[in-house]
Every structure is written in structure tokens, then in C-alpha cells.
Amino acid sequence: MTQHSRTARPFTGKHITLILVSFFGVVIAVNVLMARLASSTFGGVVVENSYVASQQFNGWLKEASAEQALGWKAEIARDAQGRAAITLRDSKGSAIAAAKVTAVAEHPLGQRPETDLILHETALGIYTAPLEAGRWRLRVTVEAEGKVWRTVGEVL
């Protein structure tokens, strides 16, 4: 029987250099990938001019309080034909009929352009409009009984 003796290789500067370069290379590659994914999905712009928006903020709060006091509710979904369908009810649960209903359809990640919708009453309190397949966020505006009410909902 012969014995095979293994001699350990010495740990040199080349080894530590390779380890450090590999480690930081992976870290940098992951950071670049994450930054590209983040910047390609959401631009981060909510309002064009934050100073102007701040000057209108108190007015928006008053409008929101008045809208909330109405107690109106909306159910947003797709109907059997694949259209956007919004069912409107007042604070007593009665259908809101003969309203002017508009909406802006936004893709949740901003990858498609916004689409303006004008919804038409197809049944008592039910308003529909054609909408492209996919997931959309609808910013809905309802004008009825001399009042304006806004809501936001999603359509899958």
C-alpha cells in the first residue's frame, strides 16, 4: 500500500484578490439589475409640481370630506362582456341613476398609456364602458344630483 500524501496549497494574495473581486462583482451586478428594474417600472412622479400641489391641498381635503359625507359606494368589476362595470349606490343603498360617469384607466405600473372612459348606464345604477383586457386602476368621477364624487378602484 502506498500512501498518498496531499499537500495543502498555500493561500496566496491571488486567492484573496479573486474572492474579493468575485464578491464585489456579484454585489454590483445585483445593484445594477435592481436599479434597472426599479427605474423601468415606475417613474415616481405623482404630481408635476409639488409646490403647486401643496397650495391646493387644503381644497382637496375639503372636497374629499364633502364626498365622504355623501356616503356613496361603487363596486368596480368586469361584466360578462369584459367591459368595465361600475355599480353606484347612495348612502341608503339605492341605485344612483342618470349620472354622468367618467373614468381614467391607468395601468398599475404605468407601462401603458392612460385611457379616458365615458361610462353609459346599461341598467339602473350600473355604468359600463369597453376596457382593454388586463389589470387597470380606474379613477372614477361621478356627477349626480348636483354633486361630484370621486373614487379609485381596480379592474382585473
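These notebook entries record what I looked up in a predicted model of one protein chain.

**Entry 1. Overall layout**

I began with the secondary structure and counted two helices and seven strands in the protein chain. Read from the N terminus, the order of the elements is α-α-β-β-β-β-β-β-β. I then looked up the overall dimensions. Along the principal axes, the C-alpha atoms fill a box of roughly 100 × 45 × 30 Å. The radius of gyration of the protein chain is 28 Å, whereas a compact globule of 156 residues would have one near 15 Å.

**Entry 2. Surface and contacts**

I looked up the accessible surface of the protein chain, which is about 11700 Å². Carbon and sulfur atoms hold 59% of that surface. Of the 156 residues, 22% count as buried. I also examined the contacts with a separation of 6 or more, and 52% of these come from residues 24 or more positions apart.

**Entry 3. The annotated span at residues 15-34**

I consulted the UniProt record, an unreviewed entry, which places the feature "transmembrane region" at residues 15-34. In the model, this span is 100% helix and 0% strand.

**Entry 4. Strand pairing from S3 to S5**

I followed the strand pairs next. S3 and S4 run antiparallel and are joined by five bridges. Within this pair, Ala103 has Leu117 of S4 as its bridge partner. S4 also runs antiparallel to S5, with three bridges between them. Here I noted that Ala123 has Ile126 of S5 as its bridge partner. S4 and S5 form a hairpin with two residues between them. Gly125, in the turn, has a positive phi of about 80 degrees.

How many bridges join S6 to S7? I found nine, and the two strands run antiparallel. Arg139 has Val152 of S7 as its bridge partner. This pair forms a hairpin too, with two residues between the strands. In its turn, Glu145 has a positive phi of about 55 degrees.

**Entry 5. The largest nonpolar core**

Which residues of the largest nonpolar core touch the most other members? Among its 23 residues, they are Val101, Leu138 and Val142. The elements that give two or more residues to this core are S2 (84-89), S3 (100-106), S4 (115-123), S5, S6 (136-144) and S7 (147-155). S6 gives the most, with five residues.

I then listed the neighbours of Leu138, leaving aside residues up to four places away in sequence. Leu138 touches Ile76, Ala84, Val104, Ala105, Leu117, Leu131, Thr151, Val152, Gly153 and Val155.

**Entry 6. Thr128**

Is Thr128 buried or exposed? Its relative accessible area is 6%, and the cut-off for buried is under 20%, so Thr128 counts as buried. Apart from residues up to four places away in sequence, Thr128 touches Asp79, Arg83, Ala84, Ala85, Ile118, Leu119, His120 and Thr122. One of these, Ala84, is also touched by Leu138.

Key
Residues numbered from 1 in each chain as written. Predicted model: local features only at pLDDT ≥ 70, side-chain atom pairs only at ≥ 80, totals over all residues. Heavy atoms only, no water. Buried < 20%, exposed > 50% of the residue type's maximum accessible area, 1.4 Å probe, protein only. Contact = heavy atoms within 4.5 Å. Core = buried A, V, L, I, M, F, W, Y, C linked by side-chain atoms within 4.5 Å. Helix = DSSP H or I, 4+ residues; strand = E, 2+ residues; numbered from the N terminus. Pairing = 2+ DSSP bridges. UniProt positions renumbered as here; feature names shortened; annotations may be inferred. Rg over C-alpha atoms; globule rule 2.2 N^0.38 Å. Areas by Shrake-Rupley, 256 points an atom, 1.4 Å probe, with all protein chains shown as cover.
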